[in-house]
Amino acid sequence: MPGDLSVTSWRHLPAGEKDRVGALVEQFRKRFSRAPTFVALAPGRVNLIGEHTDYNGYPVLPAAMERHIAVAAAPRSDELVTAQATAPRFDLCTFSLRAPLQPASAGHWGNYVKAAAQLLLARRSDPRGADLLVDGTIPAGAGLSSSSALVVGAGLALLASAGISGLSRLSLAEEFAEAEQFVGTMSGGMDQACCLLAQEQCALRIDFFPLRVRPVSFPAGHHIVVCHSLVTAEKSGPARTAYNLRVWECRVAARVLAFLLNRLRPLSIDRLADLERHFPSVPRHSFVDLLADHIPDRPLSLDEIARVLKADVGTFLPERTKAPLPLDTPLSIVRRARHVFSEATRVELAEQALREGDLRTLHGAMRASHASCRDDYEVGCSELEALVKAATESGALGARLTGAGFGGCTVQLVQTEQLPEFFERIDQTFYAPRLPHQRCFADYRFAFRPSSGAKLVVID
Ligand code: NG1
């Protein structure tokens, strides 16, 4: 099982990471005229399968990438946090740890640093601040969890600068997941858990409430390939609203099912997975049949749902929701529930297939997941469709959208020895026609073997 977060000397890092940390340390020295004391390295992740299941209490199967957010930090003598990024498009972010943390405008990158600072404030009533310098190689708005890597990286750097150590990776994953909700997304806990708990050469099966992980060896002779659809879906604008709507729809679906299963005393259930715990004799697929038997499969407001079921609208209002939606929002609860319950079964199937090296079954589960994300969860787009088709025709296994969707990336498996041919074909069919002035597409598609979780590096 995962243990505490220990500190590694930069001298013991593998060559590539050592160079990167060294370059960041140099930049920090130039900007702040002193050396940083720590560098946190927080990897992005790609989800093999289990999309939009985490906040429903069902498992996911991601792997950590070799791309990171790196945060260099040195303590300050006052209570200020100053965060700069190496990329000039991100402006300076400064805030005090004494004043209550207030989010800046939606989508501002500093909100993720403030989200991270909550872990420090939970441990110190009068903390000292730190100077931070942030660098990253994870494409943003691509469904590769760059935002959570920033929260985890900044959080670990702030905690280490304040002299706080010996923390459990599992508890940190739970705390960072809760903290990231500060930015206004009602997200689940997959990204922070993968970022902190991933193991080299393994995918990670993650279960939630309570958080548990188990590594699954990734088959030899294959690489995970990520391809960008060229559509970014930053969670600061419409993608966040669409994401939060899906969370809300699932919570209402859970409420409606709890009512249908016990009209006299409906349970306050807000997560679809909790239905299985409370009604163990009901097979998973029967929940969808029950819902479809009572609710038409089209968008309905909460009022309309209540009228169909001849019940008070309050019965179906989810609790514990930080950003509730207006009552007249149209909700597609039947198809959302169909995706979530079927995806939960596909994750179990995929994990088993990966353990047994049965790549044919894994391919089938990943392809079915893509269709379900597109048709029932409605998080696809035409560029993702074209990319999945191009990847499949170029020899990839299991091509599917990954992450929240609405654009972003696809994930697929490719035989290691076929990687050059795969890239040549996908460049010709997908990237070259869309980026006619470009010759190299390496920034948009890349291959890797699963990497390890976050590291805290001391600059000694
Ligand atoms: P991405 O794609 O990284 O934005 C989001 C959520 C996850 C999960 C997936 C969908 C955040 C920080 N993460 O990931 O918790 O729900 O969508 O499976 O919002």
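1. R214 is a residue of strand β8, where strands (E, at least two residues) and helices (H or I, at least four) are DSSP runs numbered from the N terminus. The model is a predicted one, in which local features need pLDDT of at least 70 and side-chain atom pairs count only at pLDDT 80 or more, while totals for chains, interfaces and linings use all residues. Residues are numbered from 1 along each chain as its sequence is written, and side-chain values use heavy atoms, with hydrogens and water left out.

2. Because its relative accessible area is 40%, R214 counts as partly exposed; here buried means under 20% relative accessible area, exposed means over 50%, and partly exposed lies in between, with a 1.4 Å probe and protein chains only. When neighbours within four places in sequence are left aside, R214 is in contact with A203, L204, R205, E351 and R355, a contact being heavy atoms within 4.5 Å. R214 and A198 are 16 residues apart along the chain, and their C-alpha atoms are separated by 9.2 Å.

3. The partner of β8 deserves a point of its own. Strand β7 (residues 202–207) and strand β8 (residues 212–217) pair in the antiparallel sense over six bridges, where pairing requires that DSSP finds at least two bridges between two strands. A203 stands opposite V216 in β8. The two strands, β7 and β8, form a hairpin with four residues between them, and in the turn F209 has a positive phi of about 55 degrees.

4. Which way do the side chains of β7 point? C202, L204 and I206 point one way, whereas A203, R205 and D207 point the other way, and all of them are buried. In a regular strand the side chains alternate between the two faces of the sheet. Strand β7 is accordingly described as mostly covered, with six of its six residues buried.

5. Twelve of the 15 residues of β3 are buried, so the strand is largely enclosed by the rest of the structure. Strand β2 (residues 38–49) pairs with β3 in the antiparallel sense over ten bridges, and strand β6 (residues 130–136) pairs with β3, also in the antiparallel sense, over seven bridges. A73 links the description of both pairings: it is the bridge partner of F38, and A73 stands opposite L132 in β6.

6. Not counting residues up to four places away in sequence, P75 touches R34, T37, G129, A130 and S161. P75 and A116 are 41 residues apart in sequence, and the distance between them in space is 16 Å, C-alpha to C-alpha.

7. Two helix residues may be considered next. S148 lies in helix α3 (residues 146–161) and counts as buried because its relative accessibility is 0%; leaving aside neighbours within four places in sequence, S148 is in contact with E180, D191 and Q192. L260 has its place in helix α6 (residues 238–261) and is buried, with a relative accessible area of 12%. With neighbours within four places in sequence again left aside, the contacts of L260 are L290, L291, H294 and L309. L260 and F38 are 222 residues apart in sequence and 54 Å apart in space, C-alpha to C-alpha.

8. As to the chain as a whole, there are 13 helices and 13 strands. A compact globule of 460 residues would have a radius of gyration near 23 Å, and the protein chain, with 22 Å, agrees with that; the radius is taken over C-alpha atoms, and the globule rule is 2.2 Å times the number of residues to the power 0.38. Along its principal axes the C-alpha trace spans about 70 × 55 × 45 Å.

9. Of the 460 residues, 56% count as buried. Among contacts between residues at least 6 apart in sequence, 75% join residues at least 24 apart. The chain exposes about 18500 Å², of which carbon and sulfur atoms supply 51%, the areas coming from the Shrake-Rupley method with a 1.4 Å probe.

10. A last point concerns charge. The protein chain has 51 positive and 50 negative side chains, and the centres of the two sets lie 2 Å apart. Lys and Arg count as positive and Asp and Glu as negative, while His and the chain ends are not counted; the place of a charge is taken as NZ of Lys, CZ of Arg, CG of Asp or CD of Glu.
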